[in-house]
Amino acid sequence: MARYGMVIDLGRCTGCQACSVACKTENNIPIVGPEESAKGRDINWIELATETEGEYPETREKFIPMFCMHCDDPPCVKVCPVHATYMGPEGIVGQNYDRCIGCRFCVAACPYTVKSFNWREYTEPGEMGRHANPDVSIRPVGVVEKCTFCVHREQGARETAALEGREMADGDYVPACVESCPAEAMIFGDLDDKGSKVAKAADSPHAFRMLEELGTEPKVHYLMERD
Amino acid sequence: MSAADPDAALFAPIENPRPGFYAIVGLLMAGTAFGVYCWSRQLRMGLGETGLAMPVSWGFYVTNFVFFIGISHAGTLISAILRISQAEWRRPITRLAEFITVAVLAVGGLQIIVDMGRPDRLLNVIWYGRYQSPLLWDATSITAYLTASSIYLYVPMIPDIAMLRDRGTSPKFFYEVLAMGWRGTARQKRILSRAISILAVMVIPIAVSVHTVVAFVFSMTLQPGWHSTVFGPYFVVGAIFSGIAALLLAMIAFRWAYGLHAYLKEVHFNYLGILLLIMSLLWFYFTFVEYLTTYYGGEPDELAVFFQKWTGPYAVYFWAMGVCNFLIPVLILSFRRSIPAVGIASVFVLIGMWLERFVIIVPTLSRPRLPELATGHYLPSWLEWGELFGSFCMFALIYVLFTRLFPIVSIWEIREGREEGLHDVESRLKSYLPDYAESGATGDRS
Amino acid sequence: MREPKQSRASAVTLVQVSILGAFVLFAAGVIGWIVHLVRLSITLDDVPDASMAISLVAIPVFAILAGIVSYVVLGLVLDPEARAAGPEGDDS
C-alpha cells in the first residue's frame with residue numbers, strides 16, 4: 001500500500017497562495033463572510049504561515065504553507081470519540097463528516113492547529129451548488145474538516161489505472177495545491193516508493209518536519225531554503 | 001407519633017410547603033427556561049452564536065462541564081469518607097451532600113451536549129465509541145458515578161421514606177413503593193448497613209476516577225499548559241475544594257429557608273470550614289508546583305502559555321483566581337469560621353474554581369504551538385452567559401424540588417445519633433485510652 | 001377490608017420489583033454497551049488493549065452495583081418479619 005506524503009521546497013515557495021485558492025475551489029470550502037472572518041472563523045485547509053525574521057529594516061519573510069500533516073501517529077485520531085477522524089490505509093488521515101459529533105476534541109488536540117470547524121451553516125447549497133466540485137461533499141454545520149490530500153482525486157486516479165489495467169504510477173494523482181503551484185515547490189507522492197520524486201526529496205539533508213520532537217511523524221516535509 | 005415531634009422541622013418542607021417555596025420554584029423555572037432558550041437558539045443557528053472561534057474552540061461550555069462535574073465530589077467526600085471514618089458530625093450533612101452530587105452530575109453532563117456541534121448525533125458515541133479517547137473514559141466514568149451516587153443517595157433514604165409512608169404523607173403510593181417494605185427489623189437493618197458500607201467504599205474510587213479522567217481530556221493531549229502529569233490529582237483536589245464550598249452554600253441556604261438551625265450548627269460549619277481551608281492550601285500547593293515547574297523549565301511554548309496567564313490577556317482571570325481561591329479563603333478561614341465567614345469564603349471559592357477551569361482551558365488554546373496560523377482573544381457571547389445562568393438555575397431547581405419530596409436532613413441517622421451514637425463514641429474513646437480494656441465497639445453503625 | 005389492602009400491597013410490590021428490574025436492565029445495557037465497544041475495537045484493530053483494560057474495571061463496577069441494588073430491594077421487600085407486620089406499620 002502506498003504511504004502518501006508531501007515535500008515543500010521553501011526555497012521555491014514565493015508565498016503567492018495559489019495553493020490556498022486552488023484548495024478552496026477544489027474542496028468546496030465555504031466562504032464564511034467578513035463578519036465571521038473577523039471573529040476568527042475562516043476555514044482554510046491550507047494556510048500560508050508567515051514569519052518575519054530580524055529587525056526592521058533587515059527583515060526577511062519566511063513563507064510556510066501549513067495544512068494537515070497527515071501524521072503517522074496522529075494525535076487527533078487518538079482523541080476522536082467516534083472514529084470520525086481516522087487513519088486511512090494509505091496514510092491519509094481522513095475525516096468522516098457524517099460521523100463527526102462536533103466535539104472539537106481533535107481541533108484542540110492537533111499541535112499544528114490545522115483543523116477547522118463549521119461554526120455555522122456556511123454553504124448555501126443552492127448558491128454553491130452551481131460552482132461546487134461534485135467529487136467533494138459539502139460539509140454541514142457543526143462538523144470538523146481539514147485537508148484530505150484531495151483523496152477524491154486518488155480514488156479517481158485508482159479507477160483510471162484499474163480501467164487501463166495498470167498500477168498507479170508516481171504523478172498519477174496529485175492534490176489540487178500541488179497541481180496549482182506555479183513555482184513547482186510542492187512534490188507529492190508515495191513516500192514508500194524509493195524511486196518517487198517525493199521519497200528522494202524527503203531524503204534530502206535539507207529536509208525537516210514541523211514539531212518533529214513531538215513524535216507525531218508528520219508526512220509533510222519541508223526543504224530548508226538554501227543559498 | 002408524638003405531638004411535639006422534635007424533628008417536625010424536617011418534615012415540614014414536604015408536608016407543608018410555604019408559598020415562598022412555589023415562588024422560588026417559579027423563579028428557577030424561569031431561569032432554566034431562559035437557559036433552554038439560549039441553547040435552542042444555538043441549535044438553530046450553530047455554535048457560531050457563541051464567542052468561540054479558532055484557535056479557542058473550547059470555552060464556557062467545557063469550563064462549565066469541568067466545574068459542575070467537579071462540584072460532584074461534595075457528596076463523596078462528606079458522605080462516604082466521613083461515614084467510613086465514623087465522624088459523627090456528618091449526620092445532618094450527608095443527604096445535602098449526596099444530593100448535590102446527583103443533581104450536579106446531571107447538569108454537568110448536559111454541558112457536554114450543549115458544547116457538541118452535532119448533538120443530534122449523540123448516539124454515535126454509543127454505537128461507535130473508541131476507548132482510546134478520553135471522552136469515552138469520561139462517558140463511562142461519569143455514568144458509573146451517577147449510577148453509584150444515585151444508589152448511594154437512595155439506599156440511606158429508605159428509612160426516612162418509610163417514615164413518610166407511615167405518616168401518610170402524600171403522594172402515598174410514591175412513598176410506599178420507594179420505602180421497599182422497610183419496617184426496621186433487625187435483618188433489614190443489617191442489609192441496609194451492609195449495603196451502605198459497601199457503597200461508601202465503592203463510591204470513593206469511582207469519584208476519584210471521574211475527575212481524573214476529566215483531567216485526562218486535557219493532559220493526554222500534547223498541548224503546552226495541558227500535558228502535565230499533575231493534572232489528574234490537581235483536578236480531584238480542585239473538585240473536592242469546590243464541592244465543599246458548594247455544600248456549605250447549600251447548607252446555609254436551606255438552614256435559613258427551612259429553619260434547620262438546630263441541625264446545622266456552628267460546629268458543622270466550623271469543621272467544614274477547616275476542611276475548606278485545608279483544601280485551599282492543598283489547591284495552592286498544586287497550583288504553585290505546576291506553574292513553578294513550567295516557569296523554571298522555560299520551554300518556549302509552555303512559557304508562552306504561562307505568560308498568557310501571568311501578564312497577558314488572561315492575567316485578570318488568573319490573578320482573580322488566585323485571590324478567590326487562596327488569598328481570601330485563607331485570610332478568612334484561618335481566623336473566623338462563623339457561618340457568614342464560611343459563606344463568604346465559599347462564594348469566593350466557587351468563583352475562583354470556575355476561573356481556574358477557565359484559566360486552564362482557554363489560554364492554552366489561545367496560544368498554540370504555531371501561533372502564526374491563528375490568534376484571537378476569546379470573549380463569551382451573551383448566549384454563553386445565559387447558558388451558565390440557566391445551568392445554575394436548573395441545578396438549584398432540581399435540588400429544591402428534591403427537598404419538596406424527601407427530607408434534606410437524614411432523620412433516621414439523627415435519631416440513630418441520639419440513641420446509639422453517644423454510646424458508640426463513648427466506647428470507642430474508651431478503647432483508645434490506657435485505662436480501659438480493648439472493648440469491642442458495640443455494632444458497626446457507620 | 002382485606003382485598004383492597006392486599007391488592008394495593010401487590011401493586012406496590014409489583015412496582016418495586018419493576019424498579020429493580022428496570023435498574024438491572026439498565027446495568028445490563030451499560031455492560032452490553034461496553035462489550036459492544038470492546039468487540040468493535042477488536043474488529044477494527046483500534047487499540048483493543050485500551051477497551052479491554054477499561055472493560056475489566058467498568059463491567060464489574062456495574063455488575064456489583066446491580067448486585068447491591070438487588071440485594072437491598074429483594075432483602076427489604078422479602079423480609080419475612082416486615083411482611084408479617086402487614087401493609088400498614090408503625091413508626092420505626
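A residue counts here as buried if 20 or more other C-beta atoms lie within 10 Å of its own, as exposed if 12 or fewer do, and as partly exposed in between, with C-beta atoms placed from the backbone. Keep that one in mind, as it comes back for every chain. What you're looking at is a predicted model, in which local features need pLDDT of at least 70, side-chain atom pairs count only at pLDDT 80 or more, and totals for chains, interfaces and linings use all residues. Residues are numbered from 1 along each chain as its sequence is written, while chains are lettered from A and ligands numbered from 1 in the order in which they are written.

Let's start with chain A. It has eight helices and ten strands, where helices (H or I, at least four residues) and strands (E, at least two) are DSSP runs numbered from the N terminus. Its radius of gyration is 18 Å, close to the 17 Å that the globule rule gives for 227 residues, so chain A is as compact as a globular protein of that length. That radius is taken over C-alpha atoms, and the rule is 2.2 Å times the number of residues to the power 0.38. The C-alpha trace of chain A spans about 55 × 50 × 35 Å along its principal axes, and 46% of the 227 residues count as buried.

Two spots in the backbone of chain A deserve a look. Most residues other than glycine have a negative phi, and most peptide bonds are trans. Thr113(A), though, has a positive phi near 50° and isn't a glycine. You'll find Thr113(A) in the loop between helix H4 (105-109) and strand E6 (116-117) of chain A, and it is buried, with 23 other C-beta atoms within 10 Å. Leu211(A) also has a positive phi, of about 50°, without being a glycine. Leu211(A) sits in the loop between strand E9 (207-208) and strand E10 (220-223) of chain A; with 16 C-beta neighbours inside 10 Å, it counts as partly exposed.

On to chain B, which has 17 helices and zero strands. A compact globule of 446 residues would have a radius of gyration near 22 Å, and the 23 Å of chain B agrees with that. Its C-alpha trace spans about 75 × 55 × 45 Å along the principal axes. Buried residues make up 53% of the 446 residues in chain B. Take the contacts in chain B between residues at least 6 apart in sequence: 81% of them join residues at least 24 apart. A contact here means that the C-beta atoms of two residues, placed from the backbone, lie within 7 Å.

Now for the inside. A nonpolar core is a set of buried Ala, Val, Leu, Ile, Met, Phe, Trp, Tyr and Cys residues joined through C-beta atoms within 7 Å. The largest one has 221 residues, and those touching the most other members include Met186(A), Leu96(B) and Leu247(B). Helix H11 (residues 231-257) of chain B brings the largest share of this core, 16 residues. Leaving aside its neighbours within four places in sequence, Leu96(B) is in contact with Leu247(B), Ala250(B), Met251(B), Phe254(B) and Ile408(B).

Leu96(B) also takes us to a helix pair. Helix H5 (residues 94-115) of chain B packs against H11(B) at an angle of about 120°, with the axes 10 Å apart. The contact is made by Leu96(B), Ala97(B) and Ile100(B) of H5(B) and by Ala246(B), Leu247(B), Ala250(B), Met251(B) and Phe254(B) of H11(B).

Chain B has two cis peptide bonds to show as well. One joins Met54(B) and Pro55(B), with omega about -5°, and Pro55(B) lies in the loop between helix H2 (19-45) and helix H3 (60-71) of chain B. Another runs from Ser170(B) to Pro171(B), with omega near 0°; Pro171(B) is in the loop between H8 and H9 of chain B.

Chain C has three helices and zero strands. Of its 92 residues, 24% are buried.

How do the chains meet? Of the two pairs of chains in contact, A and B share the most contacts. Chains A and C do not touch, their nearest C-alpha atoms being 9 Å apart.

Conventions
Axes fitted to C-alpha atoms, helices over the stretch in contact; angles between N-to-C directions.
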